[in-house]
Amino acid sequence: MCFNVFGIRVEITFLFVAFIAFILTMKVPSNVLITVVSSLIHEVGHILIMFILENRPEKVRFELTGINIIRKQDMRISNKSEIIISLGGPLANAIILILCCLYLCFYKNNSILTFACINFILMTFNLLPIKGLDGGSSLYFLMLQKYDSSFSAKIIYITSVVFIFLIFIWGIYAFASTNYNFSIIIIAIFLTLSLFSKNEY
């Protein structure tokens, strides 16, 4: 499925639609649906910042693994703009978190509390200085203002290894103490694979 929105080509794959349909029709835990919505809000934050900076993407592709924002190949963006764009996703989650907290000050609602917690987790996780995450991208472009790309990439690689190792340790602890929940270990493996990605920032 393809269509244009404000000059941006939007592509929605069959697997993405099938996944959403599965969530809506099956008795999937509400946390899963809230996580999907929060992730969409995160990506919309990036896109809105790109619009504000007049650097709109060429294509937005909805895939089973998430939303892929594709820029024009000839697009040139300053390091400061790259930092702001990288922080757009966590900022969107932070705004939702604040709104949820304000709501919870007056009304008690378990769904809103879960929504707030998941947005907090997404915001915090994405701010980690790991390659492939918003925090890693922000730190990389911040360092580019003083150092060359080779040195900056090495620093990001080192910080990524350190934080992924800590996540692995956390995952092993969670696996042993929470009825063999290995979700954190899977996340650590995914982040490890991102270190070998040839894609630059």
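In the predicted model, helix H3 (79-106) and helix H5 (residues 134-143) are in contact, where contact means heavy atoms within 4.5 Å: Asn 79, Glu 82, Ile 83, Ser 86, Leu 87 and Pro 90 of H3 meet Asp 134, Ser 137, Ser 138, Phe 141 and Leu 142 of H5. By class, this contact of H3 with H5 has 5 nonpolar, 4 polar and 2 charged residues, with Ala, Val, Leu, Ile, Met, Phe, Trp, Tyr, Cys and Pro counted as nonpolar, Asp, Glu, Lys and Arg as charged, and the others, Gly among them, as polar. Helices (H or I, at least four residues) and strands (E, at least two) are DSSP runs, numbered from the N terminus. Residues are numbered from 1 along each chain as its sequence is written, and side-chain values use heavy atoms, with hydrogens and water left out. Because the model is predicted, local features need pLDDT of at least 70 and side-chain atom pairs count only at pLDDT 80 or more, whereas totals for chains, interfaces and linings use all residues.

The axes of H3 and H5 come within 9 Å and cross at roughly 165°, which makes H3 roughly antiparallel to H5. Axes are lines fitted to C-alpha atoms, for helices over the stretch in contact, and angles run from 0 to 180 degrees between N-to-C directions; angles under 35 degrees count as roughly parallel, over 145 as roughly antiparallel, 65 to 115 as roughly perpendicular and the rest as oblique. H3 passes H5 in a left-handed crossing, a crossing being left-handed if the near helix is turned anticlockwise from the far one by less than a right angle, and right-handed if clockwise. Of the 10 residues of H5, 8 are buried, so this helix is largely enclosed by the rest of the structure; buried means under 20% relative accessible area, exposed over 50%, and partly exposed in between (1.4 Å probe, protein chains only). The buried residues of H5 are Asp 134, Gly 135, Gly 136, Ser 137, Ser 138, Tyr 140, Phe 141 and Met 143, and what covers them includes H2, H3, H4 and helix H6 (149-177).

Helix H2 (residues 30-52) and helix H4 (residues 110-126) have axes that come within 9 Å and cross at roughly 50°, and H2 and H4 are therefore oblique to each other, with H2 passing H4 in a right-handed crossing. On the H2 side, Asn 31, Ile 34, Thr 35, Val 37, Ser 38, Ser 39, Ile 41 and His 42 meet Ser 111, Thr 114, Phe 115, Ile 118, Asn 119, Leu 122 and Asn 126 in H4. The residues of this contact divide into 6 nonpolar, 9 polar and no charged.

The axes of H2 and H3, in turn, come within 7 Å and cross at roughly 135°, so that H2 and H3 are oblique to each other; H2 passes H3 in a right-handed crossing. Residues of H2 in this contact include Ser 38, Ile 41 and His 42, while those of H3 include Ser 86 and Pro 90. By class, the contact of H2 with H3 has 8 nonpolar, 8 polar and no charged residues.

An open sheet of 4 strands has the order E1-E2-E3-E4, with mixed pairing, two strands being paired if DSSP finds at least two bridges between them. Strand E1 (2-5) and strand E4 (66-70) stand at the edges, each with a single partner strand, so one side of each is left without a neighbour in the sheet. Neighbouring strands are turned by 20° against each other on average, direction ignored. E1 and E2 pair in the antiparallel sense over 4 bridges, with Val 5 opposite Ile 8 in E2, and these strands form a hairpin with 2 residues between them, in whose turn Phe 6 has a positive phi of about 55°. E2 and E3 run parallel and are joined by 4 bridges, and Val 10 stands opposite Val 60 in E3. E3 and E4 pair in the antiparallel sense over 5 bridges, with Glu 63 opposite Gly 66 in E4. H2 lies across strand E2 (8-12), E3 and E4, running at about 15° to E4, and 4 of the 5 residues of E2 are buried.

Glu 54, in the loop between H2 and strand E3 (59-63), has a positive phi of about 60° although it is not a glycine, and is exposed, with a relative accessible area of 73%.
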